[in-house]
Amino acid sequence: MAQMDYEKIRKLRNDHNYFARMFGLEVTRIEEGRAESRVRVTDQLYNPIGSIHGGCLYTIADVTCGAAVASYGIKATTMQSSMSYLRPGIGSTELIGRSQVVKHGRNISVVNVDILDQDEVVLAQGVFQFMSLGQPIEFESDK
């Protein structure tokens, strides 16, 4: 099996994830079965009660888990997830997503994720399942 170019995968995922880019989310690291992402907190990420919006935390989790699965060089899509919101993130200045694949199968991968603030306080945790699309990730140089 060829050596995986994690930096190339990271760049591709950041360049083509327009939804995540809308609020500044960036995948900062990918290695086999793991990924990390970061976003600087702006006023737009808070909900009306002054805590980090749950949809923001979910998006960080989904993007970070997807990046961890992409580390295997395959296209995959989220098929199921479960999130636990543990703390409101009031006063957070940065959000960090850290994911780890706990099972990578031919068809299904299971990934755990933590969403932390700048002080490494866990705000949310999730478990995501991804379904393989049975296609390799393609880079511009492959076409």
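# Close-up views of the predicted model

**View 1. R29 and E31 are joined by a salt bridge, with 3.0 Å between their closest N and O atoms.** A salt bridge here is a side-chain nitrogen of Lys or Arg within 4 Å of a carboxyl oxygen of Asp or Glu. This is a predicted model, in which local features need pLDDT of at least 70 and side-chain atom pairs count only at pLDDT 80 or more, while totals for chains, interfaces and linings use all residues. Residues are numbered from 1 along each chain as its sequence is written, and side-chain values use heavy atoms, with hydrogens and water left out. R29 has a relative accessible area of 33% and is partly exposed; E31 is also partly exposed, at 32%. Buried means under 20% relative accessible area and exposed over 50%, with partly exposed in between (1.4 Å probe, protein chains only). E31 forms a salt bridge with R34 as well, where the closest N and O atoms are 3.9 Å apart. R34 counts as partly exposed, at 36% relative accessibility.

**View 2. The side chains of R98 and E120 form a salt bridge of 2.8 Å, N to O.** R98 lies in strand β4 and E120 in the loop between β5 and β6, so this pair ties together parts that are 22 residues apart in sequence. Helices (H or I, at least four residues) and strands (E, at least two) are DSSP runs, numbered from the N terminus. Both residues are partly exposed, R98 with a relative accessible area of 29% and E120 with 41%. Through shared partners, salt bridges join R29, E31, R34, E36, R38, E94, R98 and E120 into one network. The structure holds 10 salt bridges. The backbone of E120 can be inspected in this view too: its phi is near 70 degrees, a positive value in a residue other than glycine. Most residues other than glycine have a negative phi.

**View 3. I9, R10 and N14 are the buried residues to look for in helix α1 (residues 6-15).** They cover an arc of only 130 degrees around the axis, which puts them on the same side of α1. The arc is that of the directions from the helix axis to the C-beta atoms. An α-helix has 3.6 residues a turn, so residues three or four places apart point the same way. The buried residues of α1 pack against α2 (18-22), β1 (26-31) and α3 (54-70).

**View 4. The largest nonpolar core has 34 residues.** Such a core is a set of buried Ala, Val, Leu, Ile, Met, Phe, Trp, Tyr and Cys residues joined through side-chain atoms within 4.5 Å. I60 and L95 have the most contacts inside this core. At least two core residues come from each of β1, β2 (34-40), α3, β4 (94-104), β5 (108-117) and β6. Helix α3 gives the most, with 10 residues. Leaving aside neighbours within four places in sequence, L95 is in contact with S37, R38, V39, V41, I52, C56, L57, I60, L116 and L123. Contact means heavy atoms within 4.5 Å.

**View 5. S92 sits in the loop between β3 (74-85) and β4.** S92 counts as buried, at 5% relative accessibility. Residues up to four places away in sequence not being counted, S92 touches V41, Y46, I52, D117, Q118 and L123.

**View 6. T78 is placed in strand β3.** At 27% relative accessibility, T78 counts as partly exposed. Apart from residues up to four places away in sequence, T78 touches Y58, D62, F128, Q129 and F130. T78 and F139 are 61 residues apart in sequence, and their C-alpha atoms are 21 Å apart in space.

**View 7. M79, M131 and L133 make up a nonpolar patch on the surface.** Together the three have about 260 Å² of accessible area, computed by the Shrake-Rupley method with a 1.4 Å probe; for residues, only the protein chains shown count as cover. Patches are made of residues with over 30% relative accessible area and no salt bridge; like charges are joined within 9 Å, and nonpolar side chains (Val, Leu, Ile, Met, Phe, Trp, Tyr) within 5 Å. L133 belongs to strand β6 (residues 122-136) and is partly exposed, with a relative accessible area of 43%.

**View 8. G55 is found in helix α3.** G55 is partly exposed, with a relative accessible area of 32%. The C-alpha atoms of G55 and L45 are separated by 8.9 Å, and the two residues are 10 apart along the chain.
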